[in-house]
Each structure stands twice: as structure tokens, then as C-alpha cells.
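Me: Hi! Could you walk me through this structure? I'm new to it.

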Amino acid sequence: PASAERDGDGMLSLGGVAADDLRAAYGTPLYVVDEDDVRAHARRTLAAFRSAAEAHGVQARVYYAGKAFLCTEVVRWVTDEGLAVDVCTGGELAVALAGGAAPERLGFHGNNKSVAELERAVEVGIGSIVLDSAIELERLAAIAERRGVVQPVLVRVNSGVHAETHDFLATAHEDQKFGFTLDEARVVVARIREVPSLRFVGLHCHIGSQIFGVAGFAESAARVVDLHAELLAGGEIPVLNLGGGFGIAYTSVDDPTPIEQLAVGIVDAVARECEVRGIPLPNLAFEPGRSIVGQAGVTLYEVGTTKPVHLGEAGDRLYVSVDGGMSDNARPALYGAEFSARIASRTSDADPALVRVVGRHCESGDIVVDHEYLPADVAPGDLLAVPATGAYCFSLASNYNHVPRPPVVAVRGGKARVIVRGETIDDLLARDPGAATEGEM
Ligand code: LLP
């Protein structure tokens, strides 16, 4: 986060709180999230899309994609900054509501929302539901009808543009579970328009995540606007939702496009596509998750052991084991995702050594940072900071090997506070009826 700095002794501080003080107060591993940084990215993103849209005389809404990192406090921050919230399960819906999000400013995604989840969403008066299958359409229609409401819905289309991490490739047919093909979407929208309990408010597409350039979004928009234009014959369509996926820097080689530039590039591309077809530009919606919270988070770990491994000709690699790992950050194991690491508790004049930061789990793929250079004197007791862990780390955390999940601490203005408490071994035992013996709980 922007607030990260070193004091005269080389101690890292986040949001004005020294890393060592965080360790002393909350232990490690610890997720630290910088409130001002989240707020700043939320504000900046909203301003960027609003001004890009206003330049064409339309409005833009930004939904924060809660899957990236959700707790009630984060809901408060982003809604406070003017964002709507996108949820994709009943659990996320419950957290968003508990955090005070207005139901009419919530969107609900997912390829297999349960009947109970749909019921609940309609019951609380959710703003929109993004339909992902014909079966879901009929289920939702019945629920809304029974409750006597007209539920606004979007239709998720698969534009055939699949964005890869730094690149994108266009494929005619997407072999994946989300959305409808453009052809299927025609039929689905026609059906929605026949159903009195549903109101079709727009198309939705999301091409992927951790995308750096405008090109994939522009290509996707062109295809979706084609369908949007055709569907206008059947009635007005107030919104077009282009999803999220804006990339962030994980390591020094990552160079994401600033959000202002992305916003103008994407909105201008959609406007051009509409102009070519002689149709009005609809209001636009976006759903960034990672780019709001990713860079605001830092995970602190304590080094437990170090061990050199001889790579022959290639020299040595120092394995640095920390007290967390794939249970608090599954991304390297799941996606081969890259992170970086720094010693947070001191600076060092030692030569850099090639290190692999690994976790404490019983699995060789339990890697936190695959390759990094740290001072060769990195040693047990050192505090390591792994930046850019604000998105999809807490939310993907597990209890693998019965490791309790770490707390989340928010820092701001020199103060820290717990926004999600850490789990304890007792929390884990409490779920196991056979472990509960009197006096031990
Ligand atoms: N909207 C929809 C419909 C989505 O499926 C997603 C992400 C988003 C918005 C937000 O995308 P973002 O702006 O955060 O890229 N666990 C993976 C990322 C999975 C993203 C899933 N969908 C990771 O750790 O990289």
C-alpha cells in the first residue's frame, strides 16, 4: 500500500503502524489491510468510470466484487466511497447486508445459485440478479411470481473473448461453465421478456481476471454491443455490465494500466461500437474486485527455519520457511501466481541470496514466493512481508492441515484494529463433535 515505509532502523510500517508492533499485538501470520488504500482505490475507480461515462452523457456504476475480500468492514469502506457490491453466494450476500449495504445496490452472480439463495435475494429486494442458465431463469421467475415482485435481471453472456493473464486470445466457442453464448442469450432474453415477474435490464459479461490492457475488453464489448443493439428491437435496455478483471502489480515486472486510462479506453470503445450501430450508449456497470483491495493488503509471516538446497552448477537456493503458507495464500499453488517478499523487521547489508519462501504445510507445492532475492542473513525470527495479498488470499484461505486461519487487521493513521478475528484450534475442534469432551472446550 501507499502507506508502506521504513523508519530509521529499517522497520517497515503500514498505515503508520510498525510491523513489529503488529506482530507483538496479533501474532503471525497476519493479514494487514490498509483502510485508506482500499478507500482511495474505490474512490479513484468510481471517479475514473464516472468521468469516462459522463464524457458520453451516461452514468457508470461500480460494484465491488466481494469475492476478492469480503467482511463487514470492507463493505462499509466501499459503500461509504459510493460503490455498489457484487456478491456470488448467500454467504457473501449475508456479509454485504450485515455490513449495511443497501439491497437495491447489490448484484448477485453465480452459475448455480441455490433456490434458497435466490429466495433470500428476492426477499431482501436485491437490485439485480445475473442469470446464468435457463433453469435458473425459470426458478427465479417462479420465486418472484410467488412473492409478487418484478425482479430485475441481467443475462451473462460469454463473449468468446477469453482473457489470459497478460494477454487475451479470442475463441469461437468457450468450453467453460459461465454464461450463455451470444446465440443462446437471444433466446433467454426473449423468454425473460415474456415472463411478467422478471424485467430484463441488460447484458453482462466478464472476460477474466488480472487483465492489463484495454484490448480484450474492447473486443468483448464489440461482440456484446452487437447483441445489445439487436435486442433493443424488443424494448429499452438500461445497462451494460462489463464485469471486472483489472490487473494489479504483484511483482516489479507487472505494469498494469492505470485505472483512469483503462476506464477511458473501455468506455470509449463501447461508445464507438454503439455509434457505429447508431444506438444510444447505455449506462455502464463494472465489477472490479482485485484492483480495489489487492494492493492494500500485506501478509506478515515470521521465519521459522532456513535451509540451503544445493542446485549443483546453479548454486544454492535458500529455503525460507514461514509460519503460514498455502492455507492463507493458495494463489501460488492454485495458479502459479507470483508474489514478492521483503524482510520487514530490519534492513541488512548482507549479499542477496536466491530464496524460495515456503509455508508450513505438508506439501511441496506449498510455496509463498517461488523465487526472490533476500539478504543472505535472513534468519529465524525475521518478519517477512508479502505485499499485494489483499485480494483472493483471505477469501481463498483454508484450514488445510488444521491450521487456523489468521486474523485480518486494518491499519489507518497509526492505529490497528481487528476486522476479522483469527481462528483458534478450539474453533476447529468445536466443529468436531467427537473432540468435544468436558473441560477441554
Ligand atoms: N465479476 C465477475 C462475474 C467475476 O467472476 C469476477 C471474478 C469479478 C467480477 C472480479 O474480478 P477481479 O476484478 O477481481 O479480477 N481467485 C482468482 C481470481 C478469480 C476471479 C473470479 N471472478 C485469483 O486469485 O486470481
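Reply: Happy to; we can start with the whole chain and then go to single spots. This is a predicted model, where local features need pLDDT of at least 70, side-chain atom pairs count only at pLDDT 80 or more, and totals for chains, interfaces and linings use all residues. Residues are numbered from 1 along each chain as its sequence is written.

Me: Great. How many helices and strands does the chain have?
Reply: There are 12 helices and 22 strands. These are DSSP runs numbered from the N terminus, with helices (H or I) of at least four residues and strands (E) of at least two.

Me: And what share of the residues is buried?
Reply: Buried residues are 47% of the 441 in the chain. A residue is buried if 20 or more other C-beta atoms, placed from the backbone, lie within 10 Å of its own, exposed if 12 or fewer, and partly exposed in between.

Me: Thanks. Which residues of H5 and H6 meet?
Reply: From H5, Val-115, Leu-118, Glu-119 and Val-122 meet Arg-139, Leu-140, Ile-143, Ala-144 and Arg-147 of H6. Contact here has C-beta atoms, placed from the backbone, within 7 Å.

Me: At what angle do H5 and H6 pack?
Reply: About 40 degrees, with the axes 10 Å apart. Axes are lines fitted to C-alpha atoms, for helices over the stretch in contact, and angles run from 0 to 180 degrees between N-to-C directions. H5 and H6 are therefore oblique to each other. Under 35 degrees counts as roughly parallel, over 145 as roughly antiparallel, 65 to 115 as roughly perpendicular, and the rest as oblique.

Me: New topic: where is Arg-39 found?
Reply: Arg-39 is in helix H2, residues 35-54. Arg-39 counts as partly exposed because it has 17 C-beta neighbours inside 10 Å.

Me: What does Arg-39 touch, leaving out residues up to four places away in sequence?
Reply: Trp-77 and Glu-81. The C-alpha atoms of Arg-39 and Val-78 are separated by 6.4 Å, though these residues are 39 apart along the chain.

Me: Is Tyr-392 buried or exposed?
Reply: Tyr-392 is buried, since 24 other C-beta atoms lie within 10 Å.

Me: And His-402, buried or exposed?
Reply: His-402 is exposed, with 10 other C-beta atoms within 10 Å. The loop that holds His-402 lies between E20 and E21.

Note on methods:
Contact = placed C-beta atoms within 7 Å.
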